[in-house]
Amino acid sequence: MGLTKKLLAATAIVLALGSAASAKTFVFCSEGSPEGFDPGLYTAGTTFDASAHPVYNRLAEFKKGTTETEPGLAESWEVSSDGLQYTFKLRPGVKFHSNANFTPTRDMNADDVVFSFDRQGNTQNPWHQYVSGASWEYYASMSMPEIVKSIEKVDDMTVRFTLNEPYAPFIANVAMPFASIVSKEYADKLAESNNQAQFNQAPIGTGPFQFVAYQPDAVIRYQAFADYWAGKQPIDDLVFAITKEASVRQQRLAAGECHLMAYPNPADVPALQQNADLKVDEQEGLNVGYFAYNTKMAPFDKPEVRRALNMAIDKDAIIEAVYQGAGEKAKAPIPPTMWSYNDQLKDDPYDPEAAKKMLEEAGVSNLSMKIWAMPVSRPYNPNAARMAELIQADFAKVGVTAEIVSYEWGEYLERSKAEDRDGAVLLGWTGDNGDPDNFLAVLLGCDGVGGANRAQWCNEDFNKLVQEAKTKSTQEERAKLYEQAQVIFKEQAPWATIAHSVVYVPMRKNVTGFVQSPLGDYTFDGVDITE
């Protein structure tokens, strides 16, 4: 980035802070722009960081720094003995935000909870398609339409979910971003004025920060919500300074232009750790970076072709060049830190000669394909463009011609869902609830085809095991089924599993209260700046 661009970018932050200069303002150098501000519509962590976490709450929440759940907008819940009914007692006195066009007339109640879920699963709900092409990707990928039989308002402060079958991860699921509770009153007001699009552009929630303004690809501004049910935050203003290049995020952090940054270049971590003005948190990420073939398109519909291409990829070179000491090779679709990880799996060997022979035996010659490379840094893949170049060179050695393509992040996520997408897409996942189901069912289950399942892979044997695992009551029973599912995954090879990474979070020394999340979230409730 040239000096002029840097100055313009820095000026954007200063302008964004503007009137808040006298207040306590916290600036987060984030890595990308949100797709929107209604978390039910999306699956990307970048979007959740900008919407679900600052603006909204959920019935249950994850305890900071863990994957354990605790009460959120529900003070308590009861589960029936047969595991089919979950009854939530709502927290009284929870206030919604307001904006220039909306002032709530009531506190959060059961109507909001029912609406928040019904709009996602009920095709007859008038808000089901308020955004053109809305697929409620997360809700659908987790089989929620099939699992949830009914959602009913028992009284103003009680909601009951009735399920079609027992579902072990249910409480963890309702603590996830897609299950954020939105305001039905706000939705009704927007519908009256035929202005539904504002629901995704000017969000109203119950969370610690209320949305103020968004300048696309530049700045998002929030203000601490004075009436937040858990108490006003120590900081007054929260600013997301959207900075796509990791090196520029690092420069801003070192210059004091931001207090905390996302996703540093792994090669820059030692310098960040040695900077006396900074501190760097780190932990093994609950993540996987992968390369998903479109298994609906020839010749990627053949497992032997996919396995051959996997053998052509030099993962050791990728780990060295892209992760630079902050990653390890992945052999499974879930990380080794997660229960049910099948350590008995054998990884794909790097063997170009065997790969070339296997392609010939499969009748594949002169193959041309696309490699999709993400435009942003993510914890599971800090540099997708570089990774794509390495895979492109590896494929050339076995006679495969690959073209690298990329798009703006929101467009990339949308286009890569297409069931007729060409080639293979670099993507990855950080677990959103600490449960294997969140990887295996969401990313590889039949319900995710055309959505979160970028391999478009529907294997009946795999799907049966994963669906059955949800209904078992003990972790031991569930783990056995997930281990078997991973064996099928490895045999069928819908992905090349690339890496699991270590996640680093650099921040200024005077930042207090930030807790690194195993789920990869950036949340700023409880965060403060000391003098």
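Reply: This is a predicted model, where local features need pLDDT of at least 70, side-chain atom pairs count only at pLDDT 80 or more, and totals for chains, interfaces and linings use all residues. Residues are numbered from 1 along each chain as its sequence is written, and side-chain values use heavy atoms, with hydrogens and water left out.

Me: What makes Tyr138 and Phe178 an aromatic pair, and stacked or edge-to-face?

Reply: Rings of Phe, Tyr and Trp (its six-membered ring) pair if their centres lie within 6.5 Å; planes under 30 degrees apart count as stacked, over 60 as edge-to-face and the rest as tilted. Tyr138 and Phe178 have 5.4 Å centre to centre and 20° between the planes, hence a stacked pair. Tyr138 sits in helix H5 and Phe178 in the loop between H7 and H8, so the pair ties together parts 40 residues apart in sequence.

Me: Why is Tyr138 called buried?

Reply: Buried means under 20% relative accessible area, exposed over 50%, partly exposed in between (1.4 Å probe, protein chains only). Tyr138 has 1% relative accessibility, so the label is buried. Phe178 is also at 1%, so buried too.

Me: Why is the pair of Phe240 and Phe524 called edge-to-face?

Reply: The ring centres of Phe240 and Phe524 are 6.1 Å apart and the planes stand at 80°, so the pair is edge-to-face. Phe240 belongs to strand S10, and Phe524 to the loop between S19 and S20, 284 residues apart. Phe240 is buried at 3% relative accessibility. Phe524 is buried at 3% as well.

Technical notes:
Helix = DSSP H or I, 4+ residues; strand = E, 2+ residues; numbered from the N terminus.
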